[in-house]
Amino acid sequence: MAKVTAASANRRAEIVAAAIEVFAEIGYYRATTAQVAELASISQPYVYRFFTKESLLVEALDVSWQRITGQFQSVIDSAAPEQLEDGLTRAYEAVMQSHRYEILLQMQAQTINEPAVRQSIRQGMGKIQQMVNDAFKQAGIDQPEARTTNFLARGMLCNVSMALDMPELFVK
């Protein structure tokens with residue numbers, strides 16, 4: 001029985017990975033679960049065994065938020081206070097490079113009005129905001145709320161710069 005559960009979990013993760021790519025490249029509204037199934041090399045009914053299209057997007061967003069918060073937590077746990085902000089920036093840049101589709105998916109999801117999707121975006125951004133703000137306070141950084149807002153705004157500008165392939169938008 002454990003093998004079936006492990007296999008199902010792996011298959012679920014493969015479906016989510018395929019959805020991240022399909023949704024990021026085509027857009028949530030234009031993409032179909034058939035395209036996700038094709039990329040995951042499974043049947044469309046098998047996708048529906050685990051997800052609706054909306055729940056698949058929410059799961060994909062959750063994966064992307066977990067990746068960022070995991071990377072940020074590693075920095076928070078190990079960086080000296082004077083290196084914290086730079087470390088968080090480098091961690092985010094690394095996520096952007098290694099998981100571009102996840103960032104593009106988050107950007108698209110910000111425009112989707114479905115309640116579950118909006119909730120995922122709010123929760124993810126809220127968690128990151130709280131995590132960074134708490135870390136800045138703990139590190140004794142002056143004006144932690146303002147610095148957090150600035151950090152998040154710069155991150156969003158990085159996203160736009162990456163999406164448009166316009167590195168000149170963001171000067172380091």
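1. Ser161 counts as buried, at 8% relative accessibility, where buried means under 20% relative accessible area, exposed over 50% and partly exposed in between, with a 1.4 Å probe and protein chains only. The residue is placed in helix α8; helices here are DSSP runs of H or I with at least four residues, strands are runs of E with at least two, and both are numbered from the N terminus. When neighbours within four places in sequence are left aside, Ser161 is in contact with Met166, Pro167, Leu169 and Phe170, contact meaning heavy atoms within 4.5 Å.

2. A word on the basis of these values: this is a predicted model, in which local features need pLDDT of at least 70 and side-chain atom pairs count only at pLDDT 80 or more, while totals for chains, interfaces and linings use all residues. Residues are numbered from 1 along each chain as its sequence is written, and side-chain values use heavy atoms, with hydrogens and water left out.

3. The protein chain as a whole has eight helices and zero strands, which gives the pattern α-α-α-α-α-α-α-α when read along the sequence. Its C-alpha atoms fill a box of roughly 55 × 40 × 30 Å, taken along the principal axes, and of its 172 residues 40% count as buried. Among contacts between residues at least 6 apart in sequence, 66% join residues at least 24 apart.

4. The largest nonpolar core holds 50 residues, of which Phe23, Leu56 and Phe72 touch the most other members; such a core is a set of buried Ala, Val, Leu, Ile, Met, Phe, Trp, Tyr and Cys residues joined through side-chain atoms within 4.5 Å. At least two residues of this core come from each of α1 (2-26), α2 (33-40), α3 (44-50), α4 (53-78), α5 (84-98), α6 (100-109), α7 (115-138) and α8 (144-164), and the largest share, nine residues, is supplied by α4. Leu56, not counting residues up to four places away in sequence, touches Ile15, Val16, Ala19, Phe23, Val36, Val47 and Phe51.

5. Helices α4 and α5 pack at an angle of about 150°, with their axes 9 Å apart; axes are lines fitted to C-alpha atoms, for helices over the stretch in contact, and angles run from 0 to 180 degrees between N-to-C directions. The two helices are therefore roughly antiparallel to each other, given that angles under 35 degrees count as roughly parallel, over 145 as roughly antiparallel, 65 to 115 as roughly perpendicular and the rest as oblique. In this contact, Arg67, Ile68, Gln71, Phe72, Val75 and Ile76 of α4 meet Leu84, Gly87, Leu88, Ala91, Tyr92 and Val95 of α5.

6. Helices α7 and α8 pack at an angle of about 135°, again with axes 9 Å apart, and are therefore oblique to each other. On the α7 side the contact is made by Met125, Ile128, Gln129, Val132, Asn133, Phe136 and Lys137, and on the α8 side by Pro144, Glu145, Arg147, Thr148, Phe151, Leu152 and Met156.

7. Glu14, which lies in helix α1, is partly exposed, with a relative accessible area of 38%. Although Glu14 and Ile42 are 28 residues apart in sequence, their C-alpha atoms are 9.8 Å apart in space.
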